[in-house]
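Please consult the sequence and the model shown here before reading the briefing.

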Amino acid sequence: MHWIKTAAVGASMLGAVAMGDTIEMSYDGVAGDSSAMRVRVSGEGTFYAGHMMHTFTSGRRAGESFRTFCVDVREFARTGATTYEIIDLADAPRPGQPYGQAKADAVSAVVANAIALGWIGKDLQADTGDSDYLGKMGAIQAAIWGALGYDIRDNSGRTSDELNFFYDILLDDDTFDSSLRTSGLRAAVASNQQDMLYIVPLPPAAFAGAGLLAVGFGVRQIRRR
């Protein structure tokens, strides 16, 4: 039997947070809920892949929502308030064997190329009204997991066709620039919770329109035989 687990997306909007600081936020679900893209990861299972939605639960931005991506395939995403520590991506996940700088750079390149394509902003947020929103976010998530060393089966029958389509565009050999990096990219980590990407600090302009983001849907874990 295989588990389809929720995947991750969403960017932080707490510009004052620095390395080693903590934030409190609640996981609200993956964008699209059961309509989110799915991706097969060899040896791990089939996962929902997309923008993971959170809400700050304390501090000056309490009540505001943001979206990010998961960097912790082997942990479940759980609803409810969690305290996360902001660390270097190379030191994630926690607990677990650190990814190291090479994998952190590979993730940074994936995110930077998605930004260059206009799929997400420098704060990791996206236009949720884009008709291709779920497919693009799923492709970014799958590419992040691939950068971390997981075997992404984008052509599997269990992988969503739309995710596969945008995955090929994002990682196209003729256009993907592996030298690109994403400024301020970090990891928000917590025990017994999926670790997430985090941007620190954010420019003030990144907060524009933040209140318009929707908070959505609960977590589901689907067991298949």
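Predicted model: local features only at pLDDT ≥ 70, side-chain atom pairs only at ≥ 80, totals over all residues.

Residues are numbered from 1 along each chain as its sequence is written, and side-chain values use heavy atoms, with hydrogens and water left out. The chain has three helices and 11 strands; helices (H or I, at least four residues) and strands (E, at least two) are DSSP runs, numbered from the N terminus.

**Overall make-up**

- Read from the N terminus, the order of elements is β-β-β-β-β-β-β-α-α-β-α-β-β-β.
- Of the 225 residues in the chain, 53% are buried, where buried means under 20% relative accessible area, exposed over 50% and partly exposed in between, with a 1.4 Å probe and protein chains only.
- Among contacts in the chain with a separation of 6 or more, 77% are between residues 24 or more positions apart; contact means heavy atoms within 4.5 Å.

**H1 with H2**

- The axes of H1 and H2 cross at roughly 160° and come within 8 Å; axes are lines fitted to C-alpha atoms, for helices over the stretch in contact, and angles run from 0 to 180 degrees between N-to-C directions.
- That angle makes H1 roughly antiparallel to H2, given that angles under 35 degrees count as roughly parallel, over 145 as roughly antiparallel, 65 to 115 as roughly perpendicular and the rest as oblique.
- H1 and H2 have a right-handed crossing; a crossing is right-handed if the near helix is turned clockwise from the far one by less than a right angle, and left-handed if anticlockwise.
- H1 contributes Lys103, Ala106, Val107, Val110, Val111 and Ala114 to the contact, and H2 contributes Ile140, Ala143, Ile144 and Ala147.
- By class, the contact of H1 with H2 has nine nonpolar residues, no polar ones and one charged; Ala, Val, Leu, Ile, Met, Phe, Trp, Tyr, Cys and Pro count as nonpolar, Asp, Glu, Lys and Arg as charged, and the others, Gly among them, as polar.

**H2 with H3**

- The axes of H2 and H3 (residues 161-170) come within 8 Å, crossing at roughly 65°.
- The crossing of H2 and H3 is right-handed.
- On the H2 side the contact is made by Gly135, Lys136, Gly138, Ala139, Ile140, Ala142 and Ala143, and on the H3 side by Glu162, Leu163, Phe166, Tyr167 and Leu170.
- The contact of H2 with H3 comprises eight nonpolar, two polar and two charged residues.
- Within H3, the residues Leu163, Asn164, Phe166, Tyr167 and Leu170 are buried.
- The cover over the buried residues of H3 includes S3, S4 (45-49), H1, H2 and S8 (152-153).

- The structure holds four aromatic pairs; rings of Phe, Tyr and Trp (its six-membered ring) pair if their centres lie within 6.5 Å, and planes under 30 degrees apart count as stacked, over 60 as edge-to-face and the rest as tilted.
- One of the pairs is Phe165 with Phe166, which is edge-to-face at 5.0 Å centre to centre, with 85° between the planes.
- Trp119, Phe165 and Phe166 are linked into a cluster by ring pairs.
- Phe166 is buried at 7% relative accessibility.
- Trp119 lies in the loop between H1 and H2, and is buried, with a relative accessible area of 9%.
- Beyond its neighbours within four places in sequence, Trp119 is in contact with Ala114, Ala126, Lys136, Met137, Ala139, Ile140, Phe166, Ile169 and Leu170.
- Trp119 and Leu170 are 51 residues apart in sequence, and their C-alpha atoms are 9.7 Å apart in space.

**Backbone**

- Ala92 and Pro93 are joined by a cis peptide bond with omega of about 0°, and Pro93 lies in the loop between S7 (80-87) and H1 (101-116).
- The peptide bond from Arg94 to Pro95 is also cis, with omega near -5°; Pro95 lies in the loop between S7 and H1.
- Asp33, a residue other than glycine, has a positive phi near 50°.
- Asp33 is in the loop between S2 (22-30) and S3 (37-41) and is buried, with a relative accessible area of 12%.
- Leu124 has a positive phi of about 75° although it is not a glycine.
- Leu124 lies in the loop between H1 and H2 (133-147) and counts as buried at 0% relative accessibility.
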